[in-house]
6 protein chains.
Amino acid sequence: MQRIAIYPGSFDPVTNGHIDIVKRGLNLFDKIIVTILHNPAKKSFFTVEERLEMLENSLKKFPNIEIDVYNGLLVDYGVKRKAHAILRGLRALSDFEYEFELALMNTRLNSQIQTVFLMTGLQWIFTSSSIIKEAARFGGNISGMVPHFVNQKLKEKFDSISDSI
Amino acid sequence: MQRIAIYPGSFDPVTNGHIDIVKRGLNLFDKIIVTILHNPAKKSFFTVEERLEMLENSLKKFPNIEIDVYNGLLVDYGVKRKAHAILRGLRALSDFEYEFELALMNTRLNSQIQTVFLMTGLQWIFTSSSIIKEAARFGGNISGMVPHFVNQKLKEKFDSISDSI
Amino acid sequence: MQRIAIYPGSFDPVTNGHIDIVKRGLNLFDKIIVTILHNPAKKSFFTVEERLEMLENSLKKFPNIEIDVYNGLLVDYGVKRKAHAILRGLRALSDFEYEFELALMNTRLNSQIQTVFLMTGLQWIFTSSSIIKEAARFGGNISGMVPHFVNQKLKEKFDSISDSI
Amino acid sequence: MQRIAIYPGSFDPVTNGHIDIVKRGLNLFDKIIVTILHNPAKKSFFTVEERLEMLENSLKKFPNIEIDVYNGLLVDYGVKRKAHAILRGLRALSDFEYEFELALMNTRLNSQIQTVFLMTGLQWIFTSSSIIKEAARFGGNISGMVPHFVNQKLKEKFDSISDSI
Amino acid sequence: MQRIAIYPGSFDPVTNGHIDIVKRGLNLFDKIIVTILHNPAKKSFFTVEERLEMLENSLKKFPNIEIDVYNGLLVDYGVKRKAHAILRGLRALSDFEYEFELALMNTRLNSQIQTVFLMTGLQWIFTSSSIIKEAARFGGNISGMVPHFVNQKLKEKFDSISDSI
Amino acid sequence: MQRIAIYPGSFDPVTNGHIDIVKRGLNLFDKIIVTILHNPAKKSFFTVEERLEMLENSLKKFPNIEIDVYNGLLVDYGVKRKAHAILRGLRALSDFEYEFELALMNTRLNSQIQTVFLMTGLQWIFTSSSIIKEAARFGGNISGMVPHFVNQKLKEKFDSISDSI
């Protein structure tokens, strides 16, 4: 039996922490679908296209990965994609509550799809896309926290913002 | 002595978790005033009028309930309404901190009015108005989490939003 | 209708934080039964008799208080005593989880008896019987954290312990 | 590729929450080895033999399950058993910290074996072997929280204890 | 050796809790630079100029204090100001996670500057600038939580807001 | 002015996390007194003499360090040693609550001595003396978590224990 997991997120942008979860997940699943949850009502820093490009660039070396975008109910998407599991990385405490709430809601909506939590590696536990953006905004050196390609895209984006002011 | 409690909240919309707290509270108090705290500065999903209608519809079967709207300092309202207690439902961890902060502030502003916490039933511990709205937005089946009437109103609201896009 | 609450605990010894909860509870209930949960399997610092004496001395000025000892299932005791509620003081975070676990278990065993949480006053939030004993052991000044009578009993107890070494 | 997970614990006794995790795990793994971690230095309520008997009785209806006992380093055991993952159930907050500490230590000792967390079903989130024993001790009705066979064993055990007093 | 600490924050407005941290910090450092982190992208209640005025008024009685504004990477600022430490007040739990995340990011960006946490006095543990503003908005008595001058500024600000509606 | 800090603990045994805190503390204080709190009522794994030897061996390369043992009230000891501060390492969440409780008690007993928290480096956040002992007990490789000398002492100790069985 082929086991498929969805790894959903906003990936705004993808970090080394996300990539760490993908690597760990590939030991457990035959295929991982990394899915940008696109909610047009929520503002993002990078466009969906930019996020797709960064994910593709960062994950091209891994086998059995598919990258996708979805706008809708996660469990419906899971059924459509024949997924056995929703993969989530657990970082620190504040994640935990929100993840529980989300996982319970998804279980209520569809009890067939399991939420599987993997623990992010120690070095990513307190690192998030948002704090990385905060550091990058002021020129902080964030190499080692994001792939090289993402680092460049962050610089370009912040340069274009400051140019426009 | 008649004991009166205020049960304040945004009720945007009222959920089965809120109704569970009202039921439990009626074992302890002679009257419960369910009060929509209306802060014009904060955006809500439903209007005050819609929230009132949903509360009235959902709570009409309970005796000793009054429904009200207030815009101001909760402890001033408590004094005006001759309340002995502010009733709050405790869900999970993240509530706890905020509830403590709020209860301490209210105690400082008026030490006569006690904050009383009841624990939401197990099935509501990780359910909130906001996660219910997120599920309803994409057509998730949330019957069993909100009263039937609220379920309909959520559908109508989301239909009217998507129509207008 | 007369509303009765049980306030269970080990009270080893009673602190000003406990007394604060009793005071707050008397605004909500017509009678509070302060009950030492006596588990012969668990070691306590003070004997049941000493704890009873300290509770009686500390609470004698309050009306509508009864002091009792119980060894058994709390909800059975609640039924026997015709209680509407189990009263618990919430201090800080670590309490919260344990209290939830306990309250849910009690609700499962008997859904008629409500657990009611009151927030301990700010000055008691991080104070527990055990940390008070730790300070008293080495002669720390704990007046203001426990009633005068309890302070004396702690001194006597620690004196008798060090004498016997 | 056959994927094997170890599900370690003290199972003192096994609860419906544990069984729920086994069920969920069987959707993700081809085989689950349920392993009693036997630490002779730690006191348990049931003997290893009793715990084994209860696990066998409770899990006999599931395919692809093996029950075992181990006394040593979990990651060494994992290597010996050719396991891909250590399976753990996440209940509430207090679990989370300890589980993180443990998972990180195991990753440091052997980075090949992944810790996989599944969320216990809502009804088991605040239920633990220890609180079930506390309720059973005083005759509380815990059917629905443990398998029927375990319920009987708990009664027998507590009866034999009270007889011997 | 002269030891210098930066005490960064939004101080929107400064509270007695902040002043308490400054006082405690002066026992440990020879000089404290209280720095308003000014992020033009984030909305504040008071302008930078108003916040500066309130800080100056509230801290003028303390020696060895400098007040400053900065817009950029905190660790760069620390280097420029020859600071040994970043001073932070710990209030309650929710602070803790965010503070950890921030401190770790700062350590990664510059490992020479230490983050030092002082615990806010008990009376400020659950009090924040935002809850004080919420109370002040509706005329709650917040004297004792902020300096007299800040109290007045809050009143003026809210009066001017309601006038303009 | 010379600034002195006490760094109290059980150090059973000292870990690389403790040493990390000492190093960080030496940037802030002119002298650090590392003090084993010796409570004869509490069982320890290593004797006081063994713990002293390990601390001395591990800290001999640092200047301005003194190692001591104390049995009594920490704040009394602080006064005797003319300390300005009690230094504590913050690891993860569970520490936080206990540290707050302790720091508040110490502030009540003597408001002159400040508790200063430093954050343990990321690699030590979820590592404790007790989990290291658990791993060492079964021969887990804990080099990198404790100094070499401590690693040897742990091996000797566990060897002598298993010999005696």
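Predicted model: local features only at pLDDT ≥ 70, side-chain atom pairs only at ≥ 80, totals over all residues.
**View 1. An open sheet is built from ten strands of chains B and C.** Follow the order across the sheet: E3(B)-E2(B)-E1(B)-E4(B)-E5(B)-E5(C)-E4(C)-E1(C)-E2(C)-E3(C), with mixed pairing. At the edges you will find strand E3 (65–70) of chain B and strand E3 (65–70) of chain C, each of which pairs on one side only. On average, neighbouring strands of this sheet are turned by 35 degrees against each other, direction ignored.

**View 2. Helix H1 of chain C lies across strands of both chains.** Helix H1 (residues 16–26) lies across E5 of chain B as well as E1 (4–9), E2 (31–37), E3, E4 (85–90) and E5 of chain C, and it runs at about 115 degrees to E5(C). Helix H2 (residues 48–59) of chain C also packs on the sheet, where it touches E2 and E3 of chain C. The direction of helix H2 makes about 170 degrees with that of E3(C).

**View 3. Thr35(E) sits in strand E2 (residues 31–37) of chain E.** Is this residue, Thr35(E), buried or exposed? Thr35(E) is buried, because its relative accessible area is 0%. Leaving aside residues up to four places away in sequence, Thr35(E) touches several others, including Ile6(E), Tyr7(E), Phe11(E), Val69(E) and Tyr77(E). Ser162(E) is 127 residues away from Thr35(E) along the chain, and their C-alpha atoms are separated by 30 Å.

Definitions and conventions. Residues numbered from 1 in each chain as written. Chains lettered and ligands numbered in written order. Heavy atoms only, no water. Helix = DSSP H or I, 4+ residues; strand = E, 2+ residues; numbered from the N terminus. Buried < 20%, exposed > 50% of the residue type's maximum accessible area, 1.4 Å probe, protein only. Contact = heavy atoms within 4.5 Å. Pairing = 2+ DSSP bridges. Axes fitted to C-alpha atoms, helices over the stretch in contact; angles between N-to-C directions.
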